[in-house]
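Thanks for coming, everyone. Please bring up the model on your screens, and we will walk through it together.

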Amino acid sequence: MTTQQQLRLDDGRTVTCTSPAEARMLWNEMIADGYYRRAAATLRPGDLAVDIGANIGLSAMMFAETRPGVRVIAAEPAPAIYQCLHRNMSAHVPSGVALEVAVGAAPGVLPFTWYPRATANSSLYADRDADDDATKTFLRNSGLPDDAITLITHGLHDGEQIDVEVTTVSAILAHHDPAAEIGVLKIDVERAEFDVLLGITDSDWPRIRAVVAEVHDRDGRLAEFCEVLRCHGLTPRTRQDPSLSGTELHEVYAVRA
């Protein structure tokens with residue numbers, strides 16, 4: 001059984017999580033001057049922010065606080081993490097909607113690998129070896145010695161397989177807000193990011209003003225992901241954080257002209 005814990009953020013707010021260390025790392029990503037923060041800065045009152053792969057809701061909190069009047073829909077399939085997401089949304093984004101669901105190319109039920117000790121790496125397309133390698137590279141780039149890296153990563157990606165409900169972005173929009181302008185669509189779904197794009201109907205693409213995503217560049221997937229955005233009128237930019245140099249992880253930020 002996964003135990004809920006509390007983390008006090010620098011701004012004084014307290015969030016529910018399963019790992020304060022992981023939650024702190026995720027929060028630092030949100031407050032850094034990166035693509036997530038830039039996307040949030042473009043939000044307008046009345047916009048809808050759609051957070052796919054919301055984890056415990058830290059990005060949802062950041063979107064809501066950046067621009068008052070923004071509505072947030074946040075989706076997370078792992079039950080233990082969804083419970084944290086629901087509590088954090090209720091406490092800090094009370095007008096938001098938390099959904100216990102994965103988001104992909106088509107509705108259904110799919111096997112999902114849940115990493116209790118590395119929740120942000122959990123995925124429909126988990127790859128333990130690749131996840132271990134990426135974590136080791138990140139820690140090495142951060143200056144940790146190999147003996148510490150070995151200790152930290154031992155058993156980190158021991159996973160449990162569960163079945164989760166899957167929906168699509170367009171199904172979420174049709175049910176919750178069929179007319180709103182999507183100020184930002186955030187995607188962080190650990191190798192399922194292209195599936196998320198496939199689940200957006202042609203009629204919904206014009207409503208999306210910006211996309212910010214983590215993309216795993218495997219077999220040319222980064223270029224393919226960006227090409228889909230271009231085909232739908234968005235101009236993508238990519239970057240790789242120096243701490244992730246040598247991994248397949250890249251960030252994409254695309255905006256509509």
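A quick word on classes before we start. Ala, Val, Leu, Ile, Met, Phe, Trp, Tyr, Cys and Pro count as nonpolar. Asp, Glu, Lys and Arg count as charged, and the others, Gly among them, count as polar. Keep in mind that this is a predicted model.

Now, cavities. How many cavities of 30 Å³ or more does the structure hold? Two.

Take the second largest cavity. Its volume is about 40 Å³. Its lining consists of Cys17, Thr18, Ser19, Glu22, Ala23, Leu26, Asn55, Ile56 and Thr119. Sort that lining by class, and you get four nonpolar, four polar and one charged. Which element gives the most to this lining? Helix H1, with three residues.

On to the largest cavity. This one has a volume of about 340 Å³. It is lined by 30 residues, and Gly53, Ala54, Asn55, Glu76 and Asp188 are the closest to its centre. H1 has the largest share here, with three residues. By class, the lining of the largest cavity has 17 nonpolar residues, eight polar and five charged.

Cysteine 84 counts as buried, because its relative accessibility is 0%. Cysteine 226 is in no disulfide either, and its nearest cysteine sulfur, in cysteine 231, is 11 Å away. Cysteine 226 is buried too, with a relative accessible area of 5%.

Last stop: histidine 157. Where does histidine 157 lie? In the loop between helix H6, at 146–153, and strand E8, at 160–167. Is histidine 157 buried or exposed? Buried, with a relative accessible area of 1%. Leaving out residues up to four places away in sequence, histidine 157 touches Tyr115, Ala118, Asn121, Arg128, Asp131, Asp132 and Thr135. Look at asparagine 121 in particular. Its side chain makes a polar contact with the side chain of histidine 157, at 3.0 Å. Isoleucine 187 is 30 residues from histidine 157 in sequence, and their C-alpha atoms are 21 Å apart in space.

That's the tour. Thank you.

Key:
Residues numbered from 1 in each chain as written. Predicted model: local features only at pLDDT ≥ 70, side-chain atom pairs only at ≥ 80, totals over all residues. Heavy atoms only, no water. 1 Å grid on protein atoms, 1.4 Å probe; cavity = no way out; pocket = protein on both sides within 12 Å on 5 of 7 lines; lining within 4 Å. Points joined across faces, edges and corners; volume = space filled by probe spheres on them. Helix = DSSP H or I, 4+ residues; strand = E, 2+ residues; numbered from the N terminus. Buried < 20%, exposed > 50% of the residue type's maximum accessible area, 1.4 Å probe, protein only. Disulfide = S-S within 2.5 Å. Contact = heavy atoms within 4.5 Å. Polar contact = N/O pair within 3.5 Å; in protein donor to acceptor, adjacent residues only side chain to side chain.
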